[in-house]
Amino acid sequence: MKVPTLLEMSSRGEKPEVVFWIGCAGSFDDRSKKITKAFVKILNNSNISFAVLGAEESCSGDPAKRSGNEFLFQIQALKNINSLNNYNVTDIVTTCPHCFNTLKNEYPELGGKYNVFHHSQFLKRLLLSGKLKVEGEKFKGKKITYHDPCYLGRANNEYKAPRELIEKLKANLLEMKNSKSNGLCCGAGGAQMFKEPEKGNKDINILRTEQALDTKPDIIAAACPFCNIMMTDGIKNKEKDVSVMDIAELIANAEDL
Amino acid sequence: MDILPNLLFSFILILAFYFFVNNIYKLYKNISLGKSVNRSDNRKKRILNMLCVAFGQSKMGAKPIAGILHIIVYVGFIIINIELLEIVVDGILGTHRIFADYMGELYNYLIGSFEILALLVLISVIFFWARRNILKIERFWKPEMKNWPKKDADLILYFEFIIMTLFLLMNSTDSLLQDNNYEGYVKAGFFPISDLLKPLFVSFDINYLFILERSFWWMHIILIFIFLNYLYYSKHLHILLAFPNTYYANLNIKGMFDIDKNITNEVKLMLGFENSNDQNDQVPDKFGASDVFDLNWVQLMNSYSCTECGRCSSVCPANLTGKKLSPRKIMMDTRDRLEEVGSNIFKNKGKFVSDNKQLLNNYITKEELWACTSCNACVEACPIEIDPLSIIMDMRKYLVMEKSEAPVDLNNMMSNIENNGAPWPFNNQDRMLWTKENN
């Protein structure tokens, strides 16, 4: 798969329309890499000129900040802002709501001001501008329940874009008991992804998976690599034949990309 | 004319207000122990927010039954306050139903509507009590709701029930005295509800009836004065603090956490970046919060405003899965500790003398703090925009930046970020490996 870096493009004197911020999960985690690839396929198919930072990308600082390490967060943020500003980046799209939130809301005060899009928002724009067509009917009538990532939903009030994309697939969108502003966390946020949970009577991802399964879905749609990991684990635990797919994967799949 | 009752009333009134003002002053002093935070921007938006959320109770509807019951009690108490004003004026001047002279027919309808409201409040209070004590709704029976918080919640309902009942009893006997043209009792007011209580008193001697009416009148107003001064010790303080609490709420989008600009220059220097000299670095002598002094005054006000309704904890993913964290407890602990610190300062004549306690560990444990997913469900759920998450984050900041007491896994994650720029131990140069992998 050919993906240009900003360095390569700028050495050719070119500037991409948008920078695809991949994030650590999308770069290193096997499940999440599939989401990254699916999104790249859509970008290529829509003829979007984009580039990635490659080795110049570093953790956004989100897990450090939510852990309480403001120092490490600012080190990461300032390093990234330095890289992004070196290339005069103006528009960024990312498949990770945590990177999205941090870049969009917490970088400006530190000197990093960009138009930041979550990939669901970006895909919706492509759809509206006609650059993306979703015509495949692979998911027609399929029961899909959508899990709101906290850092896209409550944190940034984006509930519509992912749902509109699912509806575009002519799928049957089902809402869980807790959804939208009342959505239940998958259990990964606040750096929980990287530690064992505290003692309790259940894991959060199991509770959320149960809520998802209550809707009797064919597919659980996610819009965050961490939610995806948590829900996939939940499904494994419940030994159910339900797939967990990212919005980008659904669209790439529907269009046979 | 016998002016003894007027003097007695004025004395009680002054006493009630003296204690009330005293309580408010204590409240102000304690809240002022918090660090400064600038929330004076965006006045228009803030006023609108207060009108919507506190006055208009826009967030109460999330639970429709409680929302409707609450709005009845709220409207009831606000409107019946007009009657309270008359009672106070009557009490001072020794008059009876003084507003009747000035309002004419309107007065009748006002009193009539107060009565209907009073009945609705009574019914709502019974529902509220039943929800707590018969239906035992789960969020009212969490571990932090034992002892005083439980008693407090019930006491408020008893207060409201008795006050409203006395109001109706007072009107009922008054109405009978009016029927009998008893001296001083002019024909004034419609009594659609209290008329139904008349059979209770109709057989009483007229002079005895007069004593009863006076007793109800005095008990009603004295109980209101007691209730007014009970507020400070109760979760019921929200009826006052909901307003400033929503006015000074954090208006930023929920995902945006505070940036500590005090360390930015130091970080830039460390990274070898050009220092932007647009600010003076004042690196704080302490990062994060381990006690109430380290929180800002809005967070402290939040703690006094909390009604302990538990909507936050009932949506908290950690709490829902049996973990110790309860956002409501975070607020209750903050208030308890603040009260303790406040009375320590009062006892020691304006100076805090260390009691070898702090908010961290003595009240809020690390286990609670590390269970948070920062999902903002608690903040979203609070009907008066209390922000428990900001306290959790400030305390985590203290644990990590001052004490290096993060869980081992998180320390590993952070050193990975420091060394490789990713939370996992992968080489940053390998960020593009996925492009070379098939499928």
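These legends describe close-up views of two interfaces in a predicted model.

Residues count from 1 along each chain as its sequence is written, and chains are lettered from A in the order in which they are written. Local features need pLDDT of at least 70, side-chain atom pairs count only at pLDDT 80 or more, totals for chains, interfaces and linings use all residues, and side-chain values use heavy atoms, with hydrogens and water left out.

**View 1. The interface of chain A and chain B.**
Chain A brings 73 residues to the contact and chain B brings 63 residues. Contact means heavy atoms within 4.5 Å. About 5900 Å² is buried between the two chains, with carbon and sulfur atoms giving 66%. Buried area is the accessible area (1.4 Å probe) that two parts lose on being put together, summed over both.

A salt bridge puts a side-chain nitrogen of Lys or Arg within 4 Å of a carboxyl oxygen of Asp or Glu. A:Lys33 pairs with B:Glu437 in a salt bridge, their closest N and O atoms 3.1 Å apart.

**View 2. The side of chain A that touches chain B.**
Helices that each supply at least two residues of this side include α2 (23-28), α3 (30-45) and α5 (70-86) of chain A. Helices are DSSP runs (H or I, at least four residues), numbered from the N terminus. α5(A) gives the largest share, ten residues.

**View 3. Domain 1 against domain 2 in chain A.**
Chain A divides into domain 1 (6-127) and domain 2 (134-254). These bounds come from an automatic or database domain assignment. The C-alpha centres of the two domains lie 22 Å apart. Domain 1 puts 28 residues into the contact and domain 2 puts in 31 residues. The area buried between them is about 2300 Å², and carbon and sulfur atoms give 71% of it. In domain 1, A:Arg31, A:His98 and A:Leu127 lose the most area to domain 2, together 22% of what that side buries.

Two salt bridges span the domain interface. A:Arg31 forms a salt bridge with A:Glu249, the closest N and O atoms being 2.8 Å apart. Nine residue pairs are in polar contact between the domains.

Definitions and conventions:
A polar contact is a pair of N or O atoms within 3.5 Å; within protein, one must be able to donate a hydrogen and the other to accept it, and residues adjacent in sequence count only if both atoms are side-chain atoms.
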